[in-house]
Amino acid sequence: MDRLEKYEDWARACMHVRCGFCRENCPAYSQLQLDSYAAKGKMTILYHLLKGNLELDEAVAERIFACTSCGLCDVACGYNQSEAIHEMKTVLYDQGVALPEGYMKISTKTRETGNPYSVDANEGTAFLQSLPESKLSVADYTLFLGCTQIYREKDEIDSLLKILRAAGVSFRIPTDQICCGSPTYRVGDEAQAREQAEKVTNLFEEMGSDEILVSCAGCFRMLSNDYEVLLNNDPKFKIVHSMEFLQELIQEGKLEIRRLEAAITYHDPCHLGRHSGIYEAPRQVLSSITGVELVEMEWNRKFAKCCGAGGGFRSGRGEDAVAIAANRVQEAEATGASILVTACPFCLRNLRDGAQSINSQMKIESVESLLAELI
Ligand code: SF4
Ligand code: SF4
């Protein structure tokens, strides 16, 4: 409980105001419709935990874990409430409180198999070793591929590799598949997340890598931000997200992109936008395609609604996660665009499921898959 004490002032302040701004578009509150699922409810729980009026138990865990880690409440509130909520998850995990089942599975699967999808890690490693860039011993960049891409969205890898090869980028791919640790970190399993962070860091060191390319928003936030906190050290590598990298390649004229007549809208992944501040690069990439009209959804950039997948929510509350994604797809449809584009394979997956659940005709793509079709 010690690590929660520093949030007592925030919790007290929250208890004494009647604003409730954090409810607006909080995916957990919007879907579950109880105040206790919004940040205000969670901070009230925190206050009463610190005062000894509540105990860390399964009922508390059920409310606290119903959070996608989207950070939208931080924007609405001004206090960094999502950080306090993350700390509560970590304390609940550390105290051995039974987490809601789907959330716990992320941790146990990663501990058992090395990835949250519970696929034999040899399968991921064999796949990586089949890629020609894994045989290179030197290159300018190291491309880190995440579990969602390797085990669920291989087409996304094909698209990314097609673009990098077409642009003549010198890159190599690690021969071992190691989860970055983000899924376990978001469900409070800090020890396993640290172990993953150490393994990935050692891998990069063994490869002699300085610049790491990442195209999953969750992996990017983890490598570029959370590793410093978890490993308590200064950044050892330069972490570059594919959106900024693609923007640079296009500016340098290294990609020839065919014309596309289409209205497109862009969904900001929470880990890339709110948590990492990358809003403009993907928009510039899309705007650089001749014929494309980029139209914004009502809620965009730092106010963008969450797709509902993060923080273990998709694993813990699958139907709710898909319903939240369906809501976002409807917001995209309201723009009149025919294509909804995002920059994270995990958002892509959830948005596609959301679209399917409402029989939406909207095409859903990643920036990479869209570009790969045009080169
Ligand atoms: S916006 Fe902030 S202070 Fe206001 S109720 Fe929500 S968490 Fe509390
Ligand atoms: S981080 Fe997102 S899901 Fe969690 S309480 Fe805040 S707004 Fe709601």
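## Helix α19

In α19, the buried residues (under 20% relative accessible area, with exposed over 50% and partly exposed in between, using a 1.4 Å probe and protein chains only) are Val367, Glu368, Ser369, Leu370, Leu371, Ala372 and Leu374. Helix α19 spans residues 367-374 and is mostly covered, with 7 of its 8 residues buried. Helices (H or I, at least four residues) and strands (E, at least two) are DSSP runs, numbered from the N terminus. The buried residues of α19 pack against α10, α14 (242-251), β5 (262-267), α15 (280-287), β7 (339-342) and β8 (363-366).

Val367 is in contact (heavy atoms within 4.5 Å) with Met243, Leu246, Tyr266, Val285, Leu286, Val341, Thr342 and Ala343, leaving aside its neighbours within four places in sequence.

## Basis of the model

This is a predicted model, in which local features need pLDDT of at least 70 and side-chain atom pairs count only at pLDDT 80 or more, while totals for chains, interfaces and linings use all residues. Residues are numbered from 1 along each chain as its sequence is written, chains are lettered from A and ligands numbered from 1 in the order in which they are written, and side-chain values use heavy atoms, with hydrogens and water left out.

## Domains and nonpolar cores

The domain assignment of the chain gives domain 1 (2-99), domain 2 (103-246) and domain 3 (248-374); such bounds come from an automatic or database domain assignment. Between domain 1 and domain 3, the C-alpha centres lie 28 Å apart. The contact takes 17 residues from domain 1 and 18 residues from domain 3.

A nonpolar core is a set of buried Ala, Val, Leu, Ile, Met, Phe, Trp, Tyr and Cys residues joined through side-chain atoms within 4.5 Å. The largest such core has 87 residues, of which Leu143, Phe144, Leu145, Leu223, Leu260, Ile264 and Val367 touch the most other members. Helix α13 (residues 217-231) gives the most to this core, with 7 residues. The core lies between domain 2 (103-246) and domain 3 (248-374), because both give residues to it. A second, separate core has 38 residues, including Leu4, Met43, Ala61 and Val187. In soluble globular proteins, nonpolar side chains tend to be buried together.

## Helix α10

Helix α10 (residues 154-166) has 13 residues, and from its first C-alpha to its last it reaches 18 Å, close to the 18 Å expected at 1.5 Å a residue. The expected span is 1.5 Å times one less than the number of residues in the helix. The buried residues in α10 are Glu156, Ile157, Ser159, Leu160, Leu161, Ile163 and Leu164. Just after α10, Gly168 takes a positive phi of about 70 degrees.

## Ligand 1

The residues around ligand 1 (one heavy atom within 4 Å of it) are Cys14, Val17, Cys19, Gly20, Phe21, Cys22, Lys40, Cys77 and Gln81. This shell divides into 6 nonpolar, 2 polar and 1 charged. Here Ala, Val, Leu, Ile, Met, Phe, Trp, Tyr, Cys and Pro count as nonpolar, Asp, Glu, Lys and Arg as charged, and the others, Gly among them, as polar.

## Buried loop residues

Val119 is found in the loop between α7 (101-113) and α8 (121-130). Val119 counts as buried because its relative accessibility is 14%. Beyond four places in sequence, Val119 is in contact with Thr113, Tyr151 and Arg152. Glu133 is found in the loop between α8 and β1 (141-144), and is buried with a relative accessible area of 8%. Not counting residues up to four places away in sequence, Glu133 touches Arg165, Phe171, Arg172 and Ile173.

Phe237 is found in the loop between α13 and β4 (238-241). Phe237 is buried at a relative accessible area of 17%, and touches Thr201, Phe204, Glu205, Ser209, Asp210 and Ile212, not counting residues up to four places away in sequence. The C-alpha atoms of Phe237 and Tyr117 are separated by 27 Å, for residues 120 apart along the chain.

Most residues other than glycine have a negative phi. Ser69 is not a glycine, yet has a positive phi of about 60 degrees. Ser69 is found in the loop between α4 (58-65) and α5 (72-77) and is buried, with a relative accessible area of 11%.

Arg301, also a residue other than glycine, has a positive phi near 50 degrees. Arg301 is found in the loop between β6 (292-294) and α16 (313-316), and is partly exposed, with a relative accessible area of 27%.
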